[in-house]
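Welcome, and please take a look at the structure below. We will go through its pocket, its fold and its core in turn.

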Amino acid sequence: MMLPDQPPTFRPPTPEEQPWHWALLDASGAEVSVEEEHAGARFASQADAESWVGEIWAELAELGVDAVTLYEHDRAVYGPMSLHA
């Protein structure tokens, strides 16, 4: 028996629908690999992206992230921004 495809409401959003993302950087400016929970997070708006990093910046710092740069698609909006006081 064939099951129907999932309706479009269950498909993951595309990068075009969530163009905002953070580059997570170490002290040398190289991108850092972090655990899956924080890796590859994408957002529909700049405000959503900024809220996310504002909520978890301390966790990111503990994972070895020294700075972040905000991107909309491939355009750097600002950064690098230090995660240290």
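## The largest pocket

How much space lies in the largest pocket? In this predicted model, the answer is about 170 Å³. The pocket is lined by 13 residues, and W22, L24, H38, A39 and G40 are the closest to its centre.

By class, the lining holds 7 nonpolar, 4 polar and 2 charged residues. Strand β1, which spans residues 20-25, gives the most to this lining, with 3 residues.

## The chain as a whole

Let us step back to the fold. The chain has 1 helix and 4 strands, and from the N terminus on they follow the order β-β-α-β-β. Among contacts between residues at least 6 apart in sequence, 54% join residues at least 24 apart.

Of the 85 residues, 26% count as buried.

## The nonpolar core

The largest nonpolar core has 15 residues, of which W22, L24, W52, L60, V65 and V68 touch the most other members. Two or more residues each come from β1, α1 (46-62) and β3 (67-72), with α1 giving the largest share, 5 residues.

Leaving aside residues up to four places away in sequence, L24 touches A30, E31, V32, V34, H38, L60, V65, A67 and V68. One of these partners, H38, is also listed with L24 among the residues closest to the centre of the largest pocket.

Definitions and conventions: Residues are numbered from 1 along each chain as its sequence is written. This is a predicted model: local features need pLDDT of at least 70, side-chain atom pairs count only at pLDDT 80 or more; totals for chains, interfaces and linings use all residues. Side-chain values use heavy atoms; hydrogens and water are left out. On a 1 Å grid over the protein atoms alone, a cavity is a set of points where a 1.4 Å probe fits but cannot get out, and a pocket is an open set with protein on both sides within 12 Å along at least five of seven lines; lining residues have an atom within 4 Å of a point. Grid points are joined across faces, edges and corners, and a volume is the space filled by probe spheres set on the points. Ala, Val, Leu, Ile, Met, Phe, Trp, Tyr, Cys and Pro count as nonpolar, Asp, Glu, Lys and Arg as charged, and the others, Gly among them, as polar. Buried means under 20% relative accessible area, exposed over 50%, partly exposed in between (1.4 Å probe, protein chains only). Contact means heavy atoms within 4.5 Å. A nonpolar core is a set of buried Ala, Val, Leu, Ile, Met, Phe, Trp, Tyr and Cys residues joined through side-chain atoms within 4.5 Å.
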